[in-house]
Amino acid sequence: MYRYYYTHPRPPMVAAMGNATAGLAGGVVKNDGKTPPPPRATGAVHSAEIEYAMGNLEGNKVFAWTADDHKVSTFMQAYFANFIKTGDPNGAGLPKWPAIKGETVPVMHIGLQPKLEQEQHRGRYLFLDQQR
């Protein structure tokens, strides 16, 4: 098993979106002028990695994609394609991503500079597992 944590925020929305804002869990929130806008996202929001993993950034015309976004997408697609083909996400040109073995839980933080870190909240997850 391999675990990742997606960290790359989407870029700003294109000017054509006017006063709309990106939803924190996907979608677009149109501002009707009568309600306050939702809070601005501070980092990667839930579902943000989908376009990156699928390699279809240009299909989403809401955001002003950059070269950095395409770089993150390339990393993510390579990891996912390797895993689909071989059961192992590792491959040439990618930072090494070890599998989870026993109590050691490496987490690949996927962003502009993918980096491996050890799980930091193990007690929380073990507690939640006991609550099922």
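This is a predicted model: local features need pLDDT of at least 70, side-chain atom pairs count only at pLDDT 80 or more; totals for chains, interfaces and linings use all residues.
## The fold in outline

## The chain as a whole

Along its principal axes, the C-alpha trace spans about 55 × 40 × 20 Å. The chain has 132 residues, and 30% of them are buried. Here, buried means under 20% relative accessible area, exposed means over 50%, and partly exposed lies in between (1.4 Å probe, protein chains only). The chain exposes about 8600 Å², with 58% of that supplied by carbon and sulfur atoms; these areas come from the Shrake-Rupley method with a 1.4 Å probe.

Among contacts with a separation of 6 or more, 50% are between residues 24 or more positions apart.

## The nonpolar core

In soluble globular proteins, nonpolar side chains tend to be buried together. A nonpolar core is a set of buried Ala, Val, Leu, Ile, Met, Phe, Trp, Tyr and Cys residues joined through side-chain atoms within 4.5 Å. The largest one in this chain has 20 residues, and those with the most contacts inside it are Y6, M13, Y52, M76, Y79 and I110. At least two residues of this core come from each of α1, α2 (67–86) and β4 (106–110), and α2 gives the largest share, four residues.

Take Y79 for a look at the neighbours. Leaving aside residues within four places in sequence, Y79 is in contact with P89, L94, P95, W97, M108, I110 and P114.

Is V72 buried or exposed? V72, in helix α2, counts as buried because its relative accessibility is 0%. Not counting residues up to four places away in sequence, V72 touches Y6, H8, Y52, G111 and L112. V72 and P114 are 42 residues apart in sequence, yet their C-alpha atoms are 8.4 Å apart in space.

H70 is also found in helix α2, but it counts as partly exposed because its relative accessibility is 32%. Beyond residues up to four places away in sequence, H70 touches L57, E58 and W65.

Most residues other than glycine have a negative phi. S47, however, has a positive phi near 80°. S47 sits in the loop between β3 (28–29) and α1 (49–54), and it counts as buried because its relative accessibility is 17%.

E49 belongs to helix α1. This residue is buried yet has no salt bridge, a term for a side-chain nitrogen of Lys or Arg within 4 Å of a carboxyl oxygen of Asp or Glu. Which side chain of opposite charge is nearest to E49? That is R10, 7.5 Å away. Leaving aside neighbours within four places in sequence, E49 is in contact with Y4, Y6 and M76.

Terms used: Residues are numbered from 1 along each chain as its sequence is written. Side-chain values use heavy atoms; hydrogens and water are left out. Contact means heavy atoms within 4.5 Å. Lys and Arg count as positive and Asp and Glu as negative; His and the chain ends are not counted.
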